[in-house]
Amino acid sequence: MQNYKDLKVWEKAHYFTTQVYKLSESFPKTETYGLTNQLRRASSSIAANIAEGCGKNTKADFANFLNISLGSANEAEYFVLLAKDLNYLSFENYEELSKLINEIKAMLIGLISKVRA
């Protein structure tokens, strides 16, 4: 359908993932296979599903992958909150990631509506 790298929402989701990877490096080693892994998987799933959806042949398939991406964004948002509440993230880093994920979610909702119209 289109090149995913041309989508602003993919750019923002990719940036969000890079920030998650950087900030989660300082999480406790006991969380390597727990919260660190879950947060990284959820965040990378956002951009990955946008990319995969761009390779589909129908708008319905694309919208479905965008919807999966939105679900991953909600999951990542929760893990960011949990990391903050466990004092693994500073309040400033939490605010930055929270702002980014909410922008991504809004962009995804808008794009899903546009694709389905």
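Predicted model: local features only at pLDDT ≥ 70, side-chain atom pairs only at ≥ 80, totals over all residues.
At what angle do helix 2 and helix 3 pack, and how far apart are their axes?

Helix 2 and helix 3 pack at an angle of about 160°, and their axes are 8 Å apart. Since angles over 145 degrees count as roughly antiparallel, helix 2 and helix 3 are therefore roughly antiparallel to each other. The residues of this contact divide into 16 nonpolar, 7 polar and 2 charged. As for handedness, helix 2 passes helix 3 in a left-handed crossing.

Helix 1 covers residues 8-24, which is 17 residues. At 1.5 Å a residue, helix 1 should span 24 Å, and its end C-alpha atoms are 24 Å apart, so the two values agree.

Which residues of helix 1 are buried? They are Val 9, Trp 10, Ala 13, Phe 16, Thr 17, Gln 19, Val 20, Leu 23 and Ser 24. The cover over these buried residues includes helix 2 (35-54), helix 3 (59-85) and helix 4 (91-116).

The axes of helix 1 and helix 2 come within 9 Å and cross at roughly 165°. Helix 1 and helix 2 are therefore roughly antiparallel to each other, and helix 1 passes helix 2 in a left-handed crossing. On the helix 1 side, the contact is made by Val 9, Trp 10, Ala 13, His 14, Phe 16, Thr 17, Val 20, Tyr 21 and Ser 24. On the helix 2 side, the contributors are Thr 36, Leu 39, Arg 40, Ser 43, Ser 44, Ile 46, Ala 47, Ile 50 and Ala 51. By class, the residues of the contact of helix 1 with helix 2 divide into 11 nonpolar, 6 polar and 1 charged.

Ser 44 belongs to helix 2, and it counts as partly exposed because its relative accessibility is 29%. The C-alpha atoms of Ser 44 and Ala 73 are separated by 9.4 Å, while the two residues are 29 residues apart along the chain.

Now to the packing of helix 1 against helix 4. The angle between helix 1 and helix 4 is about 155°, with their axes 10 Å apart. Helix 1 and helix 4 are therefore roughly antiparallel to each other, and the crossing of helix 1 and helix 4 is left-handed. From helix 1, the contact draws on Lys 8, Val 9, Lys 12, Ala 13, Tyr 15, Phe 16, Gln 19, Val 20 and Leu 23. From helix 4, the contact draws on Asn 93, Glu 96, Leu 97, Leu 100, Ile 101, Glu 103, Ile 104, Met 107, Leu 108 and Leu 111. In the contact of helix 1 with helix 4 there are 13 nonpolar, 2 polar and 4 charged residues.

Helix 4 itself has 26 residues, which should span 38 Å at 1.5 Å a residue; its end C-alpha atoms are 37 Å apart, which agrees. Its buried residues are Tyr 94, Leu 97, Ser 98, Leu 100, Ile 101, Ile 104, Lys 105, Leu 108, Leu 111, Ile 112 and Val 115. What covers the buried residues of helix 4 includes helix 1, helix 2 and helix 3.

Which residues does Met 107 touch, not counting residues up to four places away in sequence? Met 107, in helix 4, touches Lys 8, Val 9 and Lys 12. With a relative accessible area of 28%, Met 107 is partly exposed. From Asn 37, Met 107 is 70 residues away in sequence and 25 Å away in space, C-alpha to C-alpha.

Ile 109 also lies in helix 4, and at 45% relative accessibility it counts as partly exposed. Ile 109 and Ala 47 are 62 residues apart in sequence, and their C-alpha atoms are 14 Å apart in space.

I close with a point of backbone geometry. Most residues other than glycine have a negative phi. Asn 87, although not a glycine, has a positive phi of about 65°. Asn 87 is found in the loop between helix 3 and helix 4. Is Asn 87 buried or exposed? Asn 87 counts as exposed because its relative accessibility is 67%, and the cut-off for that class is over 50%.

Note on methods. Residues numbered from 1 in each chain as written. Heavy atoms only, no water. Helix = DSSP H or I, 4+ residues; strand = E, 2+ residues; numbered from the N terminus. Expected span 1.5 Å × (residues − 1). Buried < 20%, exposed > 50% of the residue type's maximum accessible area, 1.4 Å probe, protein only. Contact = heavy atoms within 4.5 Å. Axes fitted to C-alpha atoms, helices over the stretch in contact; angles between N-to-C directions. Parallel < 35°, antiparallel > 145°, perpendicular 65-115°, else oblique. Left-handed = near helix turned anticlockwise from the far one by under 90°. Nonpolar A, V, L, I, M, F, W, Y, C, P; charged D, E, K, R; others polar.
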